[in-house]
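Dear colleague,

My notes on what was found in it follow directly after.

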Amino acid sequence: MHSFKIAVLPGDGIGPEVMAETLKFLPIVEEHYSVSFQCTEKNVGGVAIDENGKALPDDTLETCMNSDAVLFGSIGGPKWEHLPPSEQPERAALLPLRKKLGLFANLRPSRIYPSCTDLSPLRSDIAKRGLDILIVRELTSGIYFGTPKHRNDTEALDTMRYTREEIERIADLAFSLAQARGKKLTSVDKANVLETMVLWRQVVAEVSKRYPDVDYTNIYVDNAAMQVVSNPQQFDVMLCGNLFGDILSDEVAMLTGSLGMLPSASIALAGSEETSPNLYEPAGGSAPDIAGMGIANPIAQILSLALLLRLTCKLELPARMLEQAVSDTLSEGIFTKDIAQGKPAVSTSHMSGAITERFKYLLGT
Ligand code: NAD
């Protein structure tokens, strides 16, 4: 039996509420598959500042480094906004954690569910055709990190730099993910203007040869920004550098109109000896405006667990079934307040209970 160690960091705001509901799915998976999960819960973010004196306590970091995966809730809130920026939860916990874990790629799957097309800001005929896009964004290089970087009152400079190795490893990841999905990959660049992007396109084309079953195309980023709005159905996996991925992933997320339903995964560089856990978290924040009211949508956190099952545990079937259970629940008109659009809304625990029932049904109990 394979055992997985999971560092569970619920964090602040709605984090603990949606995390508690999500963890209830693990024993169900254990019942049906030859697998066990050892969860260790630790403080992070504002609650860690209050109880442990800093946003990322040493024992939290150690637990993460010794785990197979990190399941993260969300952090931050008005209570800690008076702190200097470098001590605020997100800056003081999430950024160092990402760095320590060597997270080089961010995966953001976005979907429009048939029962939720009204949430999308897209024209209804476009929204009704659906959208199911995975954005794979390079996280550790590109213009955000390139040097030299400087500014004075008359001039400022940033540097966009990518190495062959950096492009190759993210392209490899994106092609392998495309193989397991719709077998279509669109690489986003600006090779008509930027030298970095000429190399990007060249290396991605080389990597594509190793994945002949994936239909591969290139698109300029400006065209991509238009096409995701006018014809999003054409995309499956979109591979982006850091800057373009940052912008496009938020654009595509907004097209679904449902922040509380979007999970994300950040992928660690495979370490030589130490385990290198991936980090799974909702795309949204800690939603302090609704914390403690029992009305948060738990779907983003539950779908983050589905990504963990797929990518860390290689349990594709339960991952798919969990995603299907979410989709089936929504199809039956069960909505939390954020997506109810004036229709009757259910609580956080009611929503997760409904997903649990459908998950068990799909697993055959
Ligand atoms: P937010 O995502 O927390 O909330 C934006 C809006 O979406 C709010 O109205 C909120 O109620 C709603 N919302 C978000 N998730 C929801 C869910 N699961 N169910 C129902 N409604 C949901 O963004 P914000 O208000 O800009 O930030 C709030 C706090 O979260 C800030 O302190 C910010 O720094 C922090 N934050 C943390 C992370 C993280 O932990 N990774 C990410 C973004 C923001």
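This is a predicted model: local features need pLDDT of at least 70, side-chain atom pairs count only at pLDDT 80 or more; totals for chains, interfaces and linings use all residues.

In these notes, a residue is called buried if its relative accessible area is under 20%, exposed if over 50%, and partly exposed in between, with a 1.4 Å probe and protein chains only. By that criterion, Phe 175 and Tyr 211 are both buried.

Residues are numbered from 1 along each chain as its sequence is written, and side-chain values use heavy atoms, with hydrogens and water left out. Helices (H or I, at least four residues) and strands (E, at least two) are DSSP runs, numbered from the N terminus.

Aromatic pairs

Rings of Phe, Tyr and Trp (its six-membered ring) are paired if their centres lie within 6.5 Å; planes under 30 degrees apart count as stacked, over 60 as edge-to-face and the rest as tilted. The structure holds 5 aromatic pairs. One of them joins Phe 175 and Tyr 211, whose ring centres are 5.2 Å apart and whose planes lie at 15°, so this pair is stacked. Because Phe 175 belongs to helix α7 and Tyr 211 to the loop between α8 and β9 (215-220), the pair ties together parts that are 36 residues apart in sequence. Ring pairs also link Phe 175, Tyr 211 and Tyr 216 into a cluster.

Two packed helices are described by the angle between their axes and the distance between the axes. The axes are lines fitted to C-alpha atoms, for helices over the stretch in contact, and angles run from 0 to 180 degrees between N-to-C directions. Angles under 35 degrees count as roughly parallel, over 145 as roughly antiparallel, 65 to 115 as roughly perpendicular and the rest as oblique.

Helix α7 (residues 164-179) packs against helix α8 (residues 195-208) at an angle of about 45°, and their axes are 9 Å apart. The two helices are therefore oblique to each other. The crossing of α7 past α8 is right-handed, a term used if the near helix is turned clockwise from the far one by less than a right angle, with left-handed used if anticlockwise.

Contact here means heavy atoms within 4.5 Å. On the α7 side, the contact residues include Ile 167, Ala 171 and Phe 175, and on the α8 side they include Leu 199, Trp 200 and Val 203. By class, the contact of α7 with α8 has 9 nonpolar, 2 polar and 4 charged residues.

Val 207 is a residue of helix α8 and counts as buried at 1% relative accessibility. Leaving aside residues up to four places away in sequence, Val 207 touches Glu 168, Ala 171, Asp 172 and Phe 175.

Helix α1 and its partners

The axes of helix α1 (residues 15-23) and α11 come within 8 Å and cross at roughly 45°, which makes α1 oblique to α11. Val 18, Met 19 and Thr 22 of α1 meet Gln 301, Ile 302 and Leu 305 of α11. This contact has 4 nonpolar, 2 polar and no charged residues. The crossing of α1 past α11 is right-handed.

With helix α2 (residues 25-32), the axis of α1 comes within 4 Å and crosses at roughly 15°; α1 and α2 are therefore roughly parallel to each other. Glu 21, Thr 22 and Leu 23 of α1 make the contact with Phe 25, Leu 26 and Pro 27 of α2.

Backbone features and a strand residue

The peptide bond from Thr 147 to Pro 148 is cis, with omega near 0°, and Pro 148 is found in strand β6 (residues 146-151). Ala 287 has a positive phi of about 40° although it is not a glycine; its place is the loop between β12 (278-282) and α11 (299-311). Gln 341 likewise has a positive phi, near 50°, and is partly exposed, with a relative accessible area of 45%.

Thr 186, in strand β8 (residues 184-189), is buried, with a relative accessible area of 4%.

Yours sincerely

How values were computed:
Ala, Val, Leu, Ile, Met, Phe, Trp, Tyr, Cys and Pro count as nonpolar, Asp, Glu, Lys and Arg as charged, and the others, Gly among them, as polar.
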